[in-house]
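Me: I would like a close look at a single part of this model, followed by a connected account of its surroundings.

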Amino acid sequence: MKLEIVSPDGILFEGETESVSFPGVAGSFDILPHHAPLIAALKAGTIRFEANGKRQEQTIQSGFVEVKDDILSVCVE
(Lines give C-alpha, C1' and ligand atoms only; values in the text may rest on other atoms or scores of the structure.)
Protein backbone atom coordinates (compact mmCIF):
# COMPACT_ATOMS: atom_id res chain seq x y z
CA MET A 1 0.00 0.00 0.00
CA LYS A 2 1.15 3.55 -0.61
CA LEU A 3 0.92 5.87 2.41
CA GLU A 4 1.22 9.65 2.21
CA ILE A 5 0.95 11.76 5.37
CA VAL A 6 0.69 15.49 4.66
CA SER A 7 0.55 18.45 7.08
CA PRO A 8 0.48 22.21 6.50
CA ASP A 9 4.29 22.07 6.89
CA GLY A 10 4.69 19.56 4.04
CA ILE A 11 4.99 15.82 3.49
CA LEU A 12 5.69 13.96 6.75
CA PHE A 13 5.91 10.50 5.16
CA GLU A 14 5.57 9.03 1.70
CA GLY A 15 6.23 5.38 0.92
CA GLU A 16 5.09 1.78 0.84
CA THR A 17 3.60 0.20 3.97
CA GLU A 18 2.44 -3.26 5.03
CA SER A 19 -0.11 -2.07 7.62
CA VAL A 20 -1.26 1.18 9.25
CA SER A 21 -3.03 1.87 12.56
CA PHE A 22 -4.99 5.13 12.93
CA PRO A 23 -6.45 6.97 15.97
CA GLY A 24 -9.98 7.37 14.60
CA VAL A 25 -12.61 9.63 16.16
CA ALA A 26 -14.84 6.56 16.61
CA GLY A 27 -11.91 4.44 17.87
CA SER A 28 -8.60 3.11 16.62
CA PHE A 29 -8.59 1.05 13.43
CA ASP A 30 -6.12 -0.78 11.20
CA ILE A 31 -5.77 -0.76 7.42
CA LEU A 32 -4.31 -3.77 5.61
CA PRO A 33 -3.80 -4.34 1.87
CA HIS A 34 -6.97 -4.50 -0.26
CA HIS A 35 -9.08 -2.69 2.36
CA ALA A 36 -12.48 -1.40 1.24
CA PRO A 37 -12.60 2.29 0.31
CA LEU A 38 -13.27 4.64 3.23
CA ILE A 39 -12.90 8.17 4.55
CA ALA A 40 -12.46 8.63 8.30
CA ALA A 41 -11.83 11.50 10.73
CA LEU A 42 -8.79 11.22 12.99
CA LYS A 43 -8.30 12.49 16.55
CA ALA A 44 -5.16 13.37 18.49
CA GLY A 45 -2.93 10.34 18.81
CA THR A 46 -0.33 8.34 16.93
CA ILE A 47 -0.38 6.83 13.45
CA ARG A 48 1.62 3.59 13.54
CA PHE A 49 2.83 1.86 10.39
CA GLU A 50 5.32 -0.62 9.03
CA ALA A 51 7.57 0.52 6.20
CA ASN A 52 10.63 -1.34 4.92
CA GLY A 53 10.28 -3.86 7.75
CA LYS A 54 10.49 -1.14 10.45
CA ARG A 55 7.74 0.07 12.75
CA GLN A 56 7.34 3.85 12.56
CA GLU A 57 5.11 6.41 14.27
CA GLN A 58 3.74 9.88 13.54
CA THR A 59 2.01 11.88 16.29
CA ILE A 60 -0.94 13.98 15.10
CA GLN A 61 -3.47 16.44 16.55
CA SER A 62 -6.34 15.73 14.14
CA GLY A 63 -7.03 15.07 10.48
CA PHE A 64 -8.62 12.63 8.08
CA VAL A 65 -7.66 9.63 5.95
CA GLU A 66 -8.94 8.45 2.58
CA VAL A 67 -8.35 4.82 1.57
CA LYS A 68 -8.88 3.84 -2.06
CA ASP A 69 -7.18 1.21 -4.26
CA ASP A 70 -4.39 0.58 -1.71
CA ILE A 71 -3.55 4.32 -1.57
CA LEU A 72 -3.83 5.93 1.87
CA SER A 73 -3.96 9.74 1.73
CA VAL A 74 -3.71 11.35 5.17
CA CYS A 75 -4.06 15.06 5.92
CA VAL A 76 -3.14 16.02 9.50
CA GLU A 77 -2.43 18.95 11.80
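Which residues does V67 touch, not counting residues up to four places away in sequence?

Reply: The model is a predicted one, and within it V67 touches I31, H35, A36, P37, L38 and L72, once residues up to four places away in sequence are set aside. V67 itself lies in strand β8, which covers residues 63-68, and it counts as buried because its relative accessibility is 3%, where the limit for that label is under 20%. One of the residues it touches, I31, is 36 residues apart from V67 in sequence, while the C-alpha atoms of V67 and I31 are 8.5 Å apart in space.

In one of them, the ring centres of F13 and F49 are 4.6 Å apart and the planes stand at 50°, so the pair is tilted. Since F13 lies in strand β2 (residues 10-16) and F49 in strand β6 (residues 45-51), this pair ties together parts that are 36 residues apart in sequence. Both partners are buried, F13 with a relative accessible area of 14% and F49 with one of 3%.

Strand β2, which carries F13, is also joined to strand β1 (residues 2-7) by 6 bridges, and these two strands run antiparallel. Together β1 and β2 form a hairpin, with 2 residues between them, and in this arrangement V6 stands opposite I11 of β2.

Conventions: Residues numbered from 1 in each chain as written. Predicted model: local features only at pLDDT ≥ 70, side-chain atom pairs only at ≥ 80, totals over all residues. Heavy atoms only, no water. Phe/Tyr/Trp six-rings, centres within 6.5 Å; stacked < 30°, edge-to-face > 60°. Helix = DSSP H or I, 4+ residues; strand = E, 2+ residues; numbered from the N terminus. Buried < 20%, exposed > 50% of the residue type's maximum accessible area, 1.4 Å probe, protein only. Pairing = 2+ DSSP bridges. Contact = heavy atoms within 4.5 Å.
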